[in-house]
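Hi,

Here is the structure I promised to pass on.

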Amino acid sequence: MKIGIDASRYGHAQSTGVEWYSFHLLNDLIPLLGREHNTDVRLYLREDHHFNCEFPFNVKKRIIPFPRFWTLLRLSWEMLFKPVDMLFVPSHTLPLIFPKKTIITIHDVAFKHFREAYSWQQFMMLEWATKKAVKKAWRIIVPSKATKDDLVNFYKCDPRKIFVVYHGAPEIDPLFHFTDVEKKKMEHDLHLEKAKLIILFVGRLEYKKNLTRLIEAFGRFIKEFPEWKLVLAGKRGVGFEKVWQKVEELELARDVIMPGYVDEKEKMYLYDKCRIFAFPSLYEGFGLPVLEAMVMRRPVLTSKSSSLPEVAGEAAFLANPEKVEEISIGLKRLASDGILISRLIAKGEEQVKKFSWEKAAKETYEIMVSSGS
């Protein structure tokens, strides 16, 4: 049997959610596929990348460059002239031509909940791609029950072909540390020289992340805790202008720090330095930063909506993301209630054990190789 995998999202320089999913999942999935000795596995890439995993003899890279619409056009061309028996697409879009046994991962349908956060072109493309996937894909992988429910409710998708496979928690070396020189350099690079007590957010700075309400809640918080700073780490996204407008409106430019996109080392430094992790997003298909913060033993505030209660369990302070007062109260408690902080950190250490990329890869492997119509 010939299996194709769209690996075009693997190894991006500035990876975000879907890219990290592809990276971590494929690192554990590729060795499993090596067990199938009667199987020929092809990894399709736009450009060559070194893979951080064992590379079995039956797994081969296929580099197929193309300037634009790589999945829709170039991967379709490949499927037409060099077809496979099964195709796995770890991102949201199917090629125009694909085999009957095609598996796709749909990470979320945020565009259905927050139409205003997407341009007309973005919305129509996502709507078209999702409808096509729901109708044509052999099997669909989703990262949460919340996303499965969305596909059933919005698209009337047959729930029998949807499989919930949770993402893995990051693995952090328990002995990792930063030298004094590294700390000083990062403090300078990330503009944190005067920041001693930090509330951290990590993610794209966009509308659906609910950052205007987080900033407003922080404005109330620092009236009682004036020594704290809020760090919003991530690329600018749709709605960023309203985020900055809220900072200016509340005169918080000295207290809200936006270092932009941070690489993995910088992100770990921020988790290590922060005292509270705040992630009151309006919608998430999974919410990996919540697990990252728990792995780093930081108390977490997140939303009681979409997939976030699934990910956080009882290991976070859950707030209504649409109520600024609840977010503010949560921040105050996580800054002052030692018993609550210790309890959430302990529960977080247990919660992250439920999630691993090895487990996610095994479940994905079973979906790929199990029989079914």
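A contact here means heavy atoms within 4.5 Å. Counted that way, 66% of the chain's contacts with a separation of 6 or more are between residues 24 or more positions apart. Keep in mind that this is a predicted model.

On the overall build: the chain has 14 helices and 13 strands. A compact globule of 373 residues would have a radius of gyration near 21 Å, and the chain agrees, with 21 Å. The C-alpha trace spans about 65 × 45 × 40 Å along its principal axes. Of the 373 residues, 55% are buried. The accessible surface is about 17600 Å², with 53% of that belonging to carbon and sulfur atoms. As for charges, there are 58 positive and 49 negative ones, and their mean positions sit 5 Å apart.

Now the rings. I get 19 aromatic pairs. One of them is Phe111 with Phe123, edge-to-face at 5.8 Å centre to centre and 75° between the planes.

Phe178 lies in the loop between strand E7 and helix H6, Tyr269 in helix H9, 91 residues apart. Both are buried.

Finally, take a look at the cluster that ring pairs make of Tyr10, Trp20, Phe23, Phe51 and Phe55.

Cheers

Note on methods:
Residues numbered from 1 in each chain as written. Predicted model: local features only at pLDDT ≥ 70, side-chain atom pairs only at ≥ 80, totals over all residues. Heavy atoms only, no water. Helix = DSSP H or I, 4+ residues; strand = E, 2+ residues; numbered from the N terminus. Rg over C-alpha atoms; globule rule 2.2 N^0.38 Å. Buried < 20%, exposed > 50% of the residue type's maximum accessible area, 1.4 Å probe, protein only. Areas by Shrake-Rupley, 256 points an atom, 1.4 Å probe, with all protein chains shown as cover. Lys, Arg positive; Asp, Glu negative; His and termini not counted. Charge placed at Lys NZ, Arg CZ, Asp CG, Glu CD. Phe/Tyr/Trp six-rings, centres within 6.5 Å; stacked < 30°, edge-to-face > 60°.
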